[in-house]
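Here is a briefing to read beside the sequence and the coordinates. Points are grouped by topic.

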Amino acid sequence: MLTIKNIDVFYGKIHAVRRASLHVRRGEIVALIGGNGAGKTTLLSTVSGLLRPAAGNIVFDGQEITRLGADRIVRAGISHVPEGRLVFKPLSVEDNLLLGSYHRFSFKLKQEITEDMEAIYSMFPVLKERRKQPAGTLSGGEQQMLAIGRALMARPKVLLLDEPGMGLAPNITQEIFKHIVSLRDKFGLTVLLVEQNARSALKIADRGYVLETGRIVLQGPAEELLQNKDVQRAYLGRDITDQVEISNE
Amino acid sequence: MLVLGETVMVLLDYIQFLISGLTVGSTYGLTALGFTIIFNTTGIINFAQGEFLMLGGMLSVFLLKFLNLGLLPAVLLAIIITTCVGALIERFTIRPVQKSSTINLIIITIGISIFIRGVAMLLWGKDTYALPSFSGDTPLSFFGASMHPQSIWILSITLVLLCLLKFFFARTIYGKAMLACSFEKKAAYLVGINVQRMVLFSFMISALVGAIGGVILTPLTMTSFDVGILLGLKGFAACILGGLGNPFGAAAGGLILGVLESFGAGIVSSAYKDAITFIVLLLLLFVKPSGLFGQAEVERV
Ligand SMILES: Nc1ncnc2c1ncn2[C@@H]1O[C@H](COP(=O)(O)OP(=O)(O)O)[C@@H](O)[C@H]1O
Ligand SMILES: [Mg+2]
């Protein structure tokens, strides 16, 4: 459904992603793991059109989207939940969700958009309680739910998630991961999930890729990666200490 | 009897000050609205905003004089041309360097204002020009004070524009999308907003509002190539007074400034009229930096 082939991305002279290839099949959850600065965010941003690759191509649903603008890509059916959530803080929760439907908004669709919004509210009831509040007043976990809800309002076929668990307590991260799984199970949504928290990501994923300094160095079914000695040493060991640190805060 | 007469006279004076203050204040408010629109979309303070008022007024004068158009066509054409100037500014000076820091972009707008003023001076010289009022010059009586008919035009057009803009930003998805561009540009791209187009629109709307302000003010105050400097500064002060980014605050800030100036000039001395603005501004910045109607940042980390 989404195929990335030999992508090179630069920031000026910094070669952030090197000949990276990966693919995501319809209905799959694919985890992309890697340490800080590995190039995960860069890769996702290239797919969603925020960055242009220097070489390589990206095909989605049989259509080449490599050099389309971000607005065309969201229209094509790829929604990106960015790192750090990036909700529109001064706008209300409801307005944030409404803007999620911007690319397909028209007065004729008002009814449909309201229904979609209700569906998001029933998935994340706390958003409904706070729908008139500025998004900036929400907690980190709530903002993440809002960012996901906003992306879903675009009615995507593929959801790109960049570190949805960043800075959240482990139990909240787990809750968000559960929602991701149920989105796939209930609505057939396809997910490309970026995480530093490799263990949780691989647990819900079908397949995984490991990115190191801009290169894909390993790939395979998620269970295999979880058993892989290199992965365990590099990413899973640290995972446990991560969680200890969080619970100590 | 004499004392009573004097009280009435003073009261009449005050009404007079209030009317002229509100009138001039409206145009400060419109200028401030122009600042607000661009600021809300881009985070830039456009110091060429005052030039839009100058262009609106000056172009009207010249279209009327040299093309022999009627007042209404001349004014409309002036507003349209100024709006296009706003679009050109965005397209050729802001867009090519949009990745620069906000402060660089602000400095660019200062350069643009100097450029526009220079061109205006070359074209039209340093003379002062007048524009006929929209509906004659016979003063209307208002509670015993006299009111220029143009004041009514100014007040009502300002009010209508303010309501339209308020509606646009608070109630329509396109207005909210424009706000979203400044709040979180990356996320605006990701929900499918064409950010560049929104920035272009914000410059056009600001130029439009500025031009309308210039056009309705010129019959009262005359115009010349350099009126944009002071009007721009006053509008900026009004913006800060009302809380940067808040359209209602901007307009209210303008009205308050206008009224303060008018009373200051009437009661103290007209020599201090322009100083008043800046004294008020400085005081406010010390006491409440977020502006009279500004909210503290809403954020929880
Ligand atoms: N805006 C930027 N300008 C320059 N270099 C950047 C920028 N963003 C990221 N980089 C660099 O690109 C590399 C990959 O970064 P990123 O994609 O953010 O990694 P990750 O998301 O895996 O932590 C890093 O070396 C980082 O320093
Ligand atoms: Mg990242």
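## Briefing

Helix 6 of chain B, residues 173–183, is mostly covered, with eight of its eleven residues buried. The model is predicted. The notes below start with chain B, then turn to the ligands, strands and loops of chain A.

**Chain B**

- The buried residues of helix 6 of chain B are B:Ile173, B:Gly175, B:Lys176, B:Ala177, B:Met178, B:Leu179, B:Ala180 and B:Cys181.
- B:Asn46 sits in the loop that links helix 1 (2–42) to helix 2 (49–66) of chain B.
- The relative accessible area of B:Asn46 is 1%. That is under the 20% cut-off, so B:Asn46 counts as buried.
- B:Asn46 and B:Gly136 are 90 residues apart in sequence. Their C-alpha atoms are 34 Å apart in space.

**Ligand 1**

- The shell around ligand 1 consists of A:Tyr11, A:Ile14, A:Ala16, A:Gly35, A:Asn36, A:Gly37, A:Ala38, A:Gly39, A:Lys40, A:Thr41 and A:Thr42.
- By class, that shell holds four nonpolar, six polar and one charged residues.
- A:Tyr11 uses its side chain: one of its N or O atoms is 3.5 Å from a nitrogen atom of ligand 1.
- A:Gly39 uses its backbone: an N or O atom there lies 2.9 Å from an oxygen atom of ligand 1.
- A:Lys40 also contributes a polar backbone atom, 2.8 Å from an oxygen atom of ligand 1.
- On its own, ligand 1 has 560 Å² of accessible area, and the protein covers 62% of it.
- Strand 2 (14–24) and helix 1 (40–47) of chain A are the elements that give two or more residues to the shell around ligand 1.
- Helix 1 of chain A supplies the largest share of the shell, three residues.

**Magnesium ion**

- Which residues coordinate the magnesium ion (ligand 2)? They are A:Thr41, through OG1, and A:Glu83, through OE, at 2.0 to 2.3 Å.
- A:Thr41 belongs to helix 1 of chain A, and A:Glu83 to the loop between strand 6 (78–81) and helix 3 (93–100) of chain A, so the pair ties together parts that are 42 residues apart in sequence.
- A:Thr41 is partly exposed, at 24% relative accessibility.
- A:Glu83 is partly exposed too, with a relative accessible area of 31%.
- A:Thr41 is also one of the residues around ligand 1.

**Strand 3 of chain A**

- Is strand 3 of chain A (residues 29–33) mostly covered or mostly open? It is mostly covered, with five of its five residues buried.
- Both faces are covered. A:Ile29, A:Ala31 and A:Ile33 are buried on one side, and A:Val30 and A:Leu32 on the other.
- Strand 3 pairs with strand 8 (residues 190–195) of chain A in the parallel sense, over five bridges.
- In that pairing, A:Ala31 has A:Leu193 of strand 8 as its bridge partner.
- Strand 3 also pairs in the parallel sense with strand 9 (residues 207–212) of chain A, over four bridges.
- There, A:Val30 stands opposite A:Arg207 of strand 9.

**Antiparallel sheet of chain A**

- Four strands of chain A form an open sheet in the order 2-1-4-5, with antiparallel pairing.
- Strand 2 and strand 5 (63–64) of chain A are the edge strands, each pairing on one side only.
- Strand 1 (residues 2–11) and strand 4 (residues 55–60) of chain A run antiparallel and are joined by five bridges.
- A:Ile4 stands opposite A:Ile58 of strand 4.

- Most residues other than glycine have a negative phi.
- A:Leu86 has a positive phi, near 50°, and is not a glycine.
- A:Leu86 lies in the loop between strand 6 and helix 3 of chain A. The loop between these elements also holds A:Glu83.
- At 18% relative accessibility, A:Leu86 falls under the 20% cut-off, so A:Leu86 counts as buried.
- A:Arg155 is not a glycine either, and its phi is positive at about 55°.
- A:Arg155 is placed in the loop between helix 6 (140–152) and strand 7 (158–162) of chain A.
- At 45% relative accessibility, A:Arg155 counts as partly exposed.

Key
Residues numbered from 1 in each chain as written. Chains lettered and ligands numbered in written order. Predicted model: local features only at pLDDT ≥ 70, side-chain atom pairs only at ≥ 80, totals over all residues. Heavy atoms only, no water. Near = heavy atom within 4 Å. Polar contact = N/O pair within 3.5 Å; in protein donor to acceptor, adjacent residues only side chain to side chain. Areas by Shrake-Rupley, 256 points an atom, 1.4 Å probe, with all protein chains shown as cover. Nonpolar A, V, L, I, M, F, W, Y, C, P; charged D, E, K, R; others polar. Buried < 20%, exposed > 50% of the residue type's maximum accessible area, 1.4 Å probe, protein only. Pairing = 2+ DSSP bridges. Donors = N, O, S within 2.8 Å, 3.2 Å for Na, K, Ca; no water.
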